[in-house]
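Visitor: I have a structure here that I have never looked at before. Can you walk me through it?

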Amino acid sequence: MKTFSFEKLSVWQKSRKLAVKTYKLTKLFPDDERFGLISQMRRCAVSISSNIAEGTGRHSAKDKARFTEIAFSSALELLNQIIISNDLELLSNEAYKNVRQDISEITAMLDGLYKSK
């Protein structure tokens, strides 16, 4: 089976794990958040790794950089949502700090990827 270039990127691997972690954490949220924070958080968490993958399929440096920017923005959107989730006491302080650390690492890696284009 062929391995695509994005699968080799540490930032993609970390962002994929973050998406899985987000799904597991939001599974514990109350049902009334199904169409609110749960949906938003899951979509932007998946968007990070999806945009990294899509960007590697583009031929121009400008296109690749644009998808890296979108992934970065999705990571910041997720950060905002975990802050709100923590404010609402839907996330424990430990889970909040853990996800925030993941996002910090991923955004730093995305910044490096963007600058390398």
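Visitor: Is R34 buried or exposed, or something in between?
Guide: R34 counts as partly exposed, because its relative accessibility is 42%. Buried means under 20% relative accessible area, exposed over 50%, and partly exposed in between, using a 1.4 Å probe and protein chains only. This is a predicted model, where local features need pLDDT of at least 70 and side-chain atom pairs count only at pLDDT 80 or more, while totals for chains, interfaces and linings use all residues. Residues are numbered from 1 along each chain as its sequence is written, and side-chain values use heavy atoms, with hydrogens and water left out.

Visitor: Which residue does R34 form a salt bridge with?
Guide: With D31, and the closest N and O atoms are 3.6 Å apart. A salt bridge here is a side-chain nitrogen of Lys or Arg within 4 Å of a carboxyl oxygen of Asp or Glu. D31 counts as exposed, at 60% relative accessibility.

Visitor: How many salt bridges are there by this rule?
Guide: The count comes to six. One of them joins E105 and K14, with the closest N and O atoms 3.4 Å apart. That pair links distant parts of the chain, since E105 is in helix α4 and K14 is in helix α1, 91 residues apart. Helices (H or I, at least four residues) and strands (E, at least two) are DSSP runs, numbered from the N terminus.

Visitor: Are E105 and K14 buried or partly exposed?
Guide: E105 is partly exposed at 30% relative accessibility, and K14 is partly exposed at 36%.

Visitor: Which residue does D102 pair with?
Guide: D102 forms a salt bridge with K21, the closest N and O atoms being 2.4 Å apart. This pair also links distant parts of the chain: D102 sits in helix α4 and K21 in helix α1, 81 residues apart. D102 is buried, because its relative accessible area is 18%, whereas K21 is partly exposed at 26%.

Visitor: What about E33, where is that?
Guide: E33 lies in the loop between α1 and α2. E33 is buried yet has no salt bridge.

Visitor: What does E33 touch, then?
Guide: Not counting residues up to four places away in sequence, E33 touches I38, S39 and L90. Contact means heavy atoms within 4.5 Å. E33 and L90 are 57 residues apart in sequence and 10.0 Å apart in space, C-alpha to C-alpha.

Visitor: Where is L90?
Guide: In the loop between α3 and α4. L90 is partly exposed, with a relative accessible area of 25%. Leaving aside its neighbours within four places in sequence, its contacts include F29, P30 and L37.

Visitor: Changing topic, how many residues are in the largest nonpolar core?
Guide: It has 27 residues, and those with the most contacts inside it include L18, I48 and I82. A nonpolar core is a set of buried Ala, Val, Leu, Ile, Met, Phe, Trp, Tyr and Cys residues joined through side-chain atoms within 4.5 Å.

Visitor: Which element gives the most to this core?
Guide: α2, with eight residues.

Methods: Lys, Arg positive; Asp, Glu negative; His and termini not counted.
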